[in-house]
Amino acid sequence: MSKLTRSAAWQALSAHYSIIQPLHMRQMFQDNPKRFDEFSLRLDTLLFDYSKNRINAETVRLLVELARQAEVSKHVEHMFAGEKINVTEQRAALHTALRNRSDNPVYVDGKNVMPDVRRVLGLMRRFSDGIRNGQHLGHTGKQITDIVNIGIGGSDLGPLMVCEALKHYAKANLRAHFVSNVDGTHLVETLKNLDAETTLFIVSSKTFTTQETMTNAGSARAWLVEKLGNEQAVTKHFAAVSTNLTATSKFGINPQNVFEFWDWVGGRYSLWSAIGLPIALYVGMDRFEELLGGGYAMDEHFRNAPLDKNIPVLMGLLGIWYADFFGAGANAVFPYDQYLRRFPAYLQQLEMESNGKRVDRDGIGVDYDTGMVVWGEPGTNGQHAFYQLLHQGTRMIPSDFLAPLHSLNPIGEHHAILLANCFAQTEALMVGKTAEEARAELVTQGLQRKALEALLPHKIFPGNKPTNTLLFDQLDPHTLGMLIALYEHKVFVQSVVWNINPFDQWGVELGKQLAGKILPELRGAVPTADHDASTNGLIAYYHNHH
């Protein structure tokens with residue numbers, strides 16, 4: 001047994017699980033009419049309702065004790081203080097400094113990083129204002145109407161998700177596009193309806209060597225030069241987020257249009273940095289800073305709220321409760337807001353790349369599950385697709401429901417219907433439908449005897465499926481910033497308890513290494529036999545049919 005699984009807090013939760021497991025939430029609500037008041041929290045306009053979870057007050061007490069045992073509060077302060085908590089890469093993980101709205105310094109290796117952070121924010125404002133007000137024109141003197149961000153992973157998912165979420169606030173005559181996949185189709189389909197004279201490309205790659213990004217960037221550059229007939233056009237139509245000034249200069253990008261970020265900014269935590277340049281261009285720098293402000297508000301709550309009143313802490317602990325004691329392998333996220341349709345995809349990378357680890361910080365294999373599969377789609381679409389499995393499938397999948405109280409696009413009864421469905425789904429997942437209730441319903445419908453008994457098993461819902469509900473007033477930049485930071489901190493809490501490093505991603509590297517070996521073999525005329533039989537066969541098949 002590992003240190004964690006033999007610890008007092010873990011053992012106490014294991015014993016407590018045997019008490020909670022047979023209980024049904026329906027009965028818990030009947031026994032405690034104040035359950036919502038006891039198991040919900042508010043922060044600004046955000047409501048976190050966790051009452052529809054398979055917990056009681058003792059569960060929360062024991063989970064919080066687990067957090068205390070892991071010294072979560074101490075690790076939180078280490079992160080905010082700029083200590084090198086990314087132990088395998090010997091780096092700080094200081095995305096919180098990017099949204100620090102106070103006058104307090106933040107140090108990395110004895111240097112206050114806040115002047116550099118604010119300097120880059122100033123450069124982003126100058127550039128984005130220039131694009132948006134028409135001062136920065138294209139090579140032929142036309143105003144920029146389309147922005148194409150070229151990146152992958154954190155350099156794509158974060159900015160893409162935020163631009164989609166804040167589309168309501170975008171400038172009417174400015175469109176944002178994102179190219180990430182090295183599949184040429186992604187770039188070709190994006191460029192198909194764009195005018196080179198009015199298109200700006202942003203190449204986001206810290207080293208300016210990422211294979212997929214630089215392949216796409218090279219093809220975009222060739223397209224631009226062909227369309228405009230002049231290599232000099234690159235200086236007006238390309239910007240970069242990178243630290244490799246030599247490479248960006250060789251590419252033809254004006255040094256004034258290159259924006260830096262730092263090695264203490266992890267890719268999937270980087271939308272708060274210059275990686276967020278597409279956001280600043282699309283919705284304006286004022287809105288981008290409102291996003292930062294929302295992240296900062298959640299940071300302050302995370303640092304200062306008691307563990308048992310701390311939304312990210314409780315969300316993280318509930319995830320551990322289900323993953324390690326109930327054996328849940330997946331967590332679903334359902335935003336009842338079309339603007340948040342890319343939020344689940346963003347969280348997939350945040351959670352699965354961060355906490356998908358099999359060894360602890362000391363390199364010792366763990367004997368408990370870490371991380372869960374994260375997935376989801378907007379409501380109400382999912383209700384007509386995969387909710388069937390949630391309601392009557394054999395797996396328990398804890399789910400998060402997110403919804404605004406007010407729509408940004410009020411039309412008739414649309415929003416009331418949307419919220420009615422959101423609230424109904426969490427209730428249905430919790431209460432289910434008993435055999436007695438189903439039988440009475442079928443009798444009312446006129447079914448009798450054999451027909452009733454044949455249909456009855458199919459109409460029973462076990463319920464007792466856990467959900468969290470996050471309600472907010474309206475989806476604005478500040479609220480979105482709070483939500484993103486909330487999930488970042490949830491992931492961090494889990495990593496501390498599991499004693500794993502959430503800031504590296506060595507699992508991403510192996511495929512890249514092997515792809516680097518296979519690519520020359522695909523280019524070559526003669527296949528090799530240096531792989532397993534399946535991979536050798538696939539390479540040979542490619543050569544025979546290409």
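Predicted model: local features only at pLDDT ≥ 70, side-chain atom pairs only at ≥ 80, totals over all residues.
Residues are numbered from 1 along each chain as its sequence is written, and side-chain values use heavy atoms, with hydrogens and water left out. Local features need pLDDT of at least 70 and side-chain atom pairs count only at pLDDT 80 or more, whereas totals for chains, interfaces and linings use all residues.

A nonpolar core is a set of buried Ala, Val, Leu, Ile, Met, Phe, Trp, Tyr and Cys residues joined through side-chain atoms within 4.5 Å; buried means under 20% relative accessible area, exposed over 50% and partly exposed in between, with a 1.4 Å probe and protein chains only. The largest such core holds 126 residues, and Met 124, Trp 264, Phe 343, Leu 480, Ile 484 and Tyr 487 touch the most other members. Helix H21 (residues 477-498) gives the most to this core, 13 residues; helices here are DSSP runs of H or I with at least four residues, numbered from the N terminus. A second, separate core has 24 residues, among them Val 148, Ile 150, Ala 217 and Val 234.

Next comes the open space. On a 1 Å grid over the protein atoms alone, a pocket is an open set of points where a 1.4 Å probe fits, with protein on both sides within 12 Å along at least five of seven lines, and lining residues have an atom within 4 Å of a point. The largest pocket contains about 1100 Å³ of space, a volume being the space filled by probe spheres set on the points. Its lining comprises 40 residues, with Thr 210, Gly 267, Gln 505, Glu 509 and Lys 512 nearest the centre. At least two lining residues come from each of helix H8 (154-165), helix H10 (211-228), helix H16 (343-355) and helix H22 (509-523).

Aromatic rings complete the picture. Rings of Phe, Tyr and Trp (its six-membered ring) pair if their centres lie within 6.5 Å; planes under 30 degrees apart count as stacked, over 60 as edge-to-face and the rest as tilted. The count comes to 27 aromatic pairs. Trp 10 and Phe 325 have ring centres 4.7 Å apart and planes at 40 degrees, so this pair is tilted. Because Trp 10 lies in helix H1 (residues 8-20) and Phe 325 in helix H15 (residues 311-325), the pair ties together parts 315 residues apart in sequence. Phe 48 and Tyr 50 are stacked, at 5.2 Å centre to centre and 15 degrees between the planes, and both are buried.
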